[in-house]
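Visitor: Please show me the model. I want to know what stands behind each term you use.

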Amino acid sequence: MALKLTIKPGETVYINGAEICNSGAGVSLVIKNHCRILRESEMIRESDVTSPCSKMVFALQQIVLKENPFEELNELSRLAVQILQTIPSAAPHILEIQHLLSEKKTHIAFKKGKALMALEAGWIPEAKNG
């Protein structure tokens, strides 16, 4: 199934390691085969990685972009444990991300990771009795 990608003027996309910037009017591309692709507007900058969930999203971003993301997959497992120790209610989200990765649906897993970041931002630890 082909992917129609519209690139706005000034927008940058990353496709299979190539950084493609539209310097003119809007353009539409049809991508007919599987590739690793992210829009710059979707990405998280390394300087914005400040929490366990943002570290997970950055690792997921690298998984989307890299051909062989072995180190990032190992880092993801370590981060999942760290997040679960802090935010136990994140378990269903992490399981869903792991399931999507096992199905090679990396872009959807990346988006679920961004949703987990939003959950982390709104998370308030329960008050301890005592």
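Guide: We start with axes: they are lines fitted to C-alpha atoms, for helices over the stretch in contact, and angles run from 0 to 180 degrees between N-to-C directions. This is a predicted model, where local features need pLDDT of at least 70, side-chain atom pairs count only at pLDDT 80 or more, and totals for chains, interfaces and linings use all residues. Residues are numbered from 1 along each chain as its sequence is written, and side-chain values use heavy atoms, with hydrogens and water left out.

Visitor: What makes α1 roughly antiparallel to α4?

Guide: The axes of helix α1 (residues 52-65) and α4 cross at roughly 170° and come within 9 Å. Angles under 35 degrees count as roughly parallel, over 145 as roughly antiparallel, 65 to 115 as roughly perpendicular and the rest as oblique. So α1 is roughly antiparallel to α4. Helices here are DSSP runs of H or I with at least four residues, strands are runs of E with at least two, and both are numbered from the N terminus.

Visitor: Which residues of α1 meet α4?

Guide: Among them are P52, M56, L60 and V64 in α1, and on the α4 side they include T106, F110, G113 and M117. Contact means heavy atoms within 4.5 Å. By class, this contact of α1 with α4 has eleven nonpolar, five polar and two charged residues. Nonpolar covers Ala, Val, Leu, Ile, Met, Phe, Trp, Tyr, Cys and Pro; charged covers Asp, Glu, Lys and Arg; the others, Gly among them, are polar.

Visitor: How do you know that α3 and α4 are roughly antiparallel to each other?

Guide: Helix α3 (residues 91-102) and α4 pack at about 165°, with axes 8 Å apart. That angle falls in the antiparallel class, and therefore the two are roughly antiparallel. The contact of α3 with α4 has eight nonpolar, three polar and two charged residues. I97 and L101 are among the α3 residues involved, and A109 and L116 among those of α4.

Visitor: Why is T106 called partly exposed?

Guide: T106 has a relative accessible area of 22%. Buried means under 20% relative accessible area, exposed over 50%, partly exposed in between (1.4 Å probe, protein chains only). So T106 is partly exposed. T106 lies in helix α4 (residues 106-122). Leaving aside neighbours within four places in sequence, T106 is in contact with I63, V64 and L101.

Visitor: What makes β2 and β5 a pair?

Guide: Two strands pair if DSSP finds at least two bridges between them. Strand β2 (residues 12-15) and β5 have three bridges, in the antiparallel sense. V13 stands opposite R39 in β5, and Y14 stands opposite L38. β2 and β3 also pair in the antiparallel sense, over four bridges. There I15 stands opposite A18 in β3.

Visitor: Why do β3 and β5 stand at the edges?

Guide: The open sheet has three strands in the order β3-β2-β5. β3 (18-21) and β5 (37-39) each have a single partner strand, so one side of each is left without a neighbour in the sheet.

Visitor: Which way do the residues of β2 point, and are they buried or exposed?

Guide: T12 and Y14 point one way from β2, V13 and I15 the other way, and all are buried. In a regular strand the side chains alternate between the two faces of the sheet.
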